[in-house]
Amino acid sequence: MELHNKDTFSEDILPVVIVGNGPSGICLSYLLSGYTPYFSPDGFHPNPILHNKLTENPLLSLFDQDLEYLCEGVEGRSSNPVAVLFDALLLPDGDFGVDCASPLIWRHEPERATPHLVLGKGPPGGAWHAMEGSMLTLSLANWMELPGLKLKDWMRDKRRNLRNDRATPAEIASYYQHYVAKMDLEKSFACGTTVTSVSRVSLESGCSVWKIQGLQRRASSGEGNEVVEVPFTVYAENVVLATGTHDIPACLGVDGENLPFVCHSFWELEAAISSGRLDRASEPVLVVGAGLTAADAVLAAHHLNTPVYHAFRRPVSDPALIFNQLPKLLYPEYHKVHQMMSQQQHKVGETVVNLSNQPLSSPADGTSPYTCYPGYLSFPKHHVAAFRPDGKCVLEDERGLQTVLQVSMALVLIGAHPNLSFLQEYGRPLALDSEEPISCRRNPLDVDPYKYECVKEPGMYAMGPLVGENFVRFLKGGALAIVCDIARKRSKKRQEKCTTSSLNIQLTNCTLEA
C-alpha cells in the first residue's frame, strides 16, 4: 500500500494505526479485520472455573464479554492477566506440552471490522526476517502460531518437518508473511515505512487526533531500479505501539566499546565467519552475556572450532538464568552451552590458559584441564572493565580482581532496547519509571492491564515486548484487550451520535409545533 503526504486534515481519519508489523501487529490486524472468537458449543476447557464462566454467555463473542471477570482465577507464566487468559483459551495446558484443542471457534464477521493501517519497515513478520535462519526457536512451534492457521499444518503443506517440535526463525518469518496473505490482511499493511513522528494535534472541532509522519521506500518512477523515500502523513483516533525491542543493542558503557573489534549483534559474527575473517586459526572470540543470543554465538564459534572466552555477571547456578528454566530434552543445544559454562570455568587465582595454543580436540591422556569442551572457557560473575585498542579485554570479578584477555573479536550480547525516537523523549514518560530508559524486562510501558492503553496517554496503546511480553504466545492477549477496548469506544461514540441526532429531531419538532 502506498501512502501519501497530507498537508491538511483528511476527512478519513483512521480509527487505528499500528506501528510495527511483527507478530503483535499482525495478530491485532487479524482481530480488527472482523475475525471474532466464540466459545464453541462443543468446547471444553480443562480449567473448570474458566469453563463454567464461558458457558454463562455462550452466544456472546469474547469481544463482548467482561475480560476482567474471565481473568479471575486463571494463572500462567505472564504478569499480564489478559495475556494469560487468551493463551489459556488458545493453548489449554500449553505449559505442559499438551496439544489440547482450543475451545474457541472463529467466525469472520465483516460488520465488526475496524479500518486500520499497519506500518512496518520490512515485510510482515518484523524482526523475524532479520534473525539467523538455521537456529531453532526457543518456543515450541504451536506457541509461535497466530489464530486461524496452524503452524504445523502450514509446515506440512510446505513439506517441512519440525525438529523437536520447533521451527527455525526463517520458517517462522515465512509463516507470518504467508499468514497476512492468507487472511487477506495485505490491504491494511504499508511495508517499507519508517515512522519519524507520532504526536497529538487538535482539530477545529476541539477534538484531538494522532498525527503519524514518516518515510516510505518505493521504487522510483524513473529509469533504473532506484529506491526513493517518500514522506507520508496519516491521522488516527488511536495509535498502537507494536515495535518490539530488537532495534537498539544494549551497550556496556565501558571504555573502548566503540573499537572496531567490539560488536553488538550475532549477525556481525556471522559476517566475520562468512567472509573468512574468523576461523579456527583466529585469536579467541569473547562472548559477553548469558542469554540465548549469547549462547547461539558460543555454539556458532565453537562449531567453527574458534576458541571462545565467555563472560557473564551471574553465577551459573542462578535460577534467573534462562538455561535453568529450559527442559533439557527440548533444548539440548542450550543445555550443552550451560554444561560448558558450568564445567569449564576459570578458577580465580589461576593463570588464564591461552586457548589459541590449546588443542581443539580432547587429549587422549586427559592431561588438559579442559578436556570436555576444548577451546572454551567461562568467566562467571565477571564484567567487562574496558576494551583496549590492541585487541585486549579487561575482565573484572566481583572482588575487583582483573584478568586481561587477547581476543580477535568481542561480542557484547546483553539484550536490546526499542527504538521509540518518533515519540517525545523516546517514550520515557510512558514507562513505569519515567527517569529510566524503556526496557522489556526492567522498565516496560505503563498500561492498563485489561485495555493495554497507556496510563499516561489515552488513545495510545502498547503491546508485545514493550509491555513485557517476550513470547509470541502471550502477545496475542494484548491484541484481544486492545480490540475489546477500541470496540467499546466506537460503540459509545455511535450511541452518543444517535442520542444527539434524536435530541435534534425532538427540538425541531418542538419548534414546528410552537
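Contact here means heavy atoms within 4.5 Å. Keep that in mind as we walk through this predicted model, where local features need pLDDT of at least 70 and side-chain atom pairs count only at pLDDT 80 or more, while totals for chains, interfaces and linings use all residues. Residues are numbered from 1 along each chain as its sequence is written, and side-chain values use heavy atoms, with hydrogens and water left out.

Let us start with the chain as a whole. It holds 11 helices and 19 strands, taken as DSSP runs numbered from the N terminus (helices are H or I with at least four residues, strands are E with at least two). Of the 514 residues in the chain, 49% are buried; buried means under 20% relative accessible area, exposed over 50%, and partly exposed in between, with a 1.4 Å probe and protein chains only. Among contacts between residues at least 6 apart in sequence, 69% join residues at least 24 apart.

Leaving aside residues up to four places away in sequence, H338 touches V316, F323 and N324.

Axes are lines fitted to C-alpha atoms, for helices over the stretch in contact, and angles run from 0 to 180 degrees between N-to-C directions. On the helix 9 side, L292, A295, D296, V298, L299 and H302 take part, and they meet E333, Y334, K336, V337 and M340 in helix 10.

Now compare another helix pair. Helix 1 (residues 23-32) and helix 7 (residues 169-182) have axes 11 Å apart and pack at an angle of about 20°, and they are therefore roughly parallel to each other. P23, I26 and Y30 of helix 1 make the contact with Y176, Y179 and V180 of helix 7. The crossing of helix 1 past helix 7 is left-handed, a term used if the near helix is turned anticlockwise from the far one by less than a right angle, with clockwise giving right-handed.

How much of helix 4 (residues 81-90) is buried? Nine of its 10 residues are, so the helix is mostly covered. The buried residues are V82, A83, V84, L85, F86, D87, A88, L89 and L90.

Turning to the strands, five of them form an open sheet with parallel pairing, in the order 10-17-11-12-13. Strand 10 (262-263) and strand 13 (376-379) are the edge strands, each pairing on one side only. Two strands pair if DSSP finds at least two bridges between them. Strand 12 (residues 308-311) runs parallel to strand 13 and is joined to it by four bridges, with Y309 bridging to L377 of strand 13.

Strand 14 and strand 15 share five bridges, and V384 stands opposite L395 in strand 15. Five bridges also link strand 15 (residues 392-397) to strand 16, where E396 has Q402 as its bridge partner. The hairpin of strand 15 and strand 16 has four residues between the strands, and G400 takes a positive phi near 95° there.

In a regular strand the side chains alternate between the two faces of the sheet. Strand 16 (residues 402-406) has T403 and L405 on a covered face, and Q402, V404 and Q406 on an uncovered one.

Finally, the cysteines. How many disulfides does a search of the whole structure find? The count is zero, where a disulfide is a pair of cysteine sulfur atoms within 2.5 Å. C71 is buried at a relative accessible area of 6%, and C484 is buried at 0%.

Definitions and conventions. Angles under 35 degrees count as roughly parallel, over 145 as roughly antiparallel, 65 to 115 as roughly perpendicular and the rest as oblique.
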